[in-house]
Amino acid sequence: MRIFAILMITVFLFAADFDWVDSLQKAKELAKKESKPIMVMVEQKGCEACEYMDEVAFEDQKLSEFVENFFIPVKIDIDIAKSLGLKAFGTPTFYFLDKNGKKIGRQLVGAATAKVFLEKLKEYKKMSEVFSR
C-alpha cells in the first residue's frame, strides 16, 4: 500500500499538464501577446476520442511540454466551432491558427498517440513560423 501511494504521488508530481484557454477570443489575444500559434481542439460531450486525447495523449510529458511551450491551446465545443466558421465532421478536430487567427494548413481529425501527434505539432509549428514572416 505504501509503495502504491509513493507511485501515485510520483505520477501526480510528474504528470504532464497544460492549461486550456477557455475561448477563442482569449486565445487570439494570448497568441499575439506571446507570438505563438493557436491549437484549437473542437470537441463534444461523450466523445471517446476526445477523452483519449485528454486522458492519455496530452498526459505525455513531451507532448504536453511542447504544447505549453509553442502553442496557445483552446478547446471549443462543436456547436460553438460551427458558429465561428470552424467545420468539424467528427471530434476531435484540431485547427491550427497563426498568431493573427488565420488558419495554418489543414485541420486534423481524430485522436492519435502522443508520439504521432507531437510530430504533427512540430510540422504545424514550422508552418506557423513561415506564416509569421
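**View A. Strand β3 and the two ways its side chains point.** In this predicted model, Thr93, Tyr95 and Leu97 point one way from β3, while Phe94 and Phe96 point the other way. In a regular strand, side chains alternate between the two faces of the sheet. Whichever way they point, these residues are all buried. With five of its five residues buried, β3 is largely enclosed by the rest of the structure.

**View B. The neighbours of β3.** Strand β1 (residues 38-43) runs antiparallel to β3, and five bridges join the two. Look for Met39 here: its opposite number in β3 is Phe96. Strand β4 (residues 108-109) is also antiparallel to β3, joined to it by two bridges. In that pairing, Thr93 stands opposite Val109 of β4.

View C. Phe58 has 3% relative accessibility, so it counts as buried. Phe94 is buried too, at 0%.

View D. Phe66 and Phe70 sit four residues apart in helix α4, about one turn of the helix. Their ring centres are 4.7 Å apart and their planes are at 50°, so this pair counts as tilted. Is Phe66 buried or exposed? Phe66 is buried, with a relative accessible area of 11%, whereas Phe70 is partly exposed at 33% relative accessibility. Phe70 has another contact to show off: the charged end of Lys125 sits over its ring, 4.6 Å from the centre.

**View E. The largest pocket and its lining.** The volume of the largest pocket comes to about 160 Å³. Which elements give two or more residues to its lining? They are α2 (24-34), α4 (61-70) and β2 (72-77). Residues to pick out in the lining include Asp17, Phe18, Asp19, Leu30, Glu34, Val67, Glu68 and Ile72. By type, the lining splits into seven nonpolar and four charged residues, with no polar ones.

Definitions and conventions:
Residues numbered from 1 in each chain as written. Predicted model: local features only at pLDDT ≥ 70, side-chain atom pairs only at ≥ 80, totals over all residues. Heavy atoms only, no water. 1 Å grid on protein atoms, 1.4 Å probe; cavity = no way out; pocket = protein on both sides within 12 Å on 5 of 7 lines; lining within 4 Å. Points joined across faces, edges and corners; volume = space filled by probe spheres on them. Nonpolar A, V, L, I, M, F, W, Y, C, P; charged D, E, K, R; others polar. Buried < 20%, exposed > 50% of the residue type's maximum accessible area, 1.4 Å probe, protein only. Phe/Tyr/Trp six-rings, centres within 6.5 Å; stacked < 30°, edge-to-face > 60°. Lys NZ or Arg CZ within 6 Å of the ring centre and 35° of its normal. Pairing = 2+ DSSP bridges.
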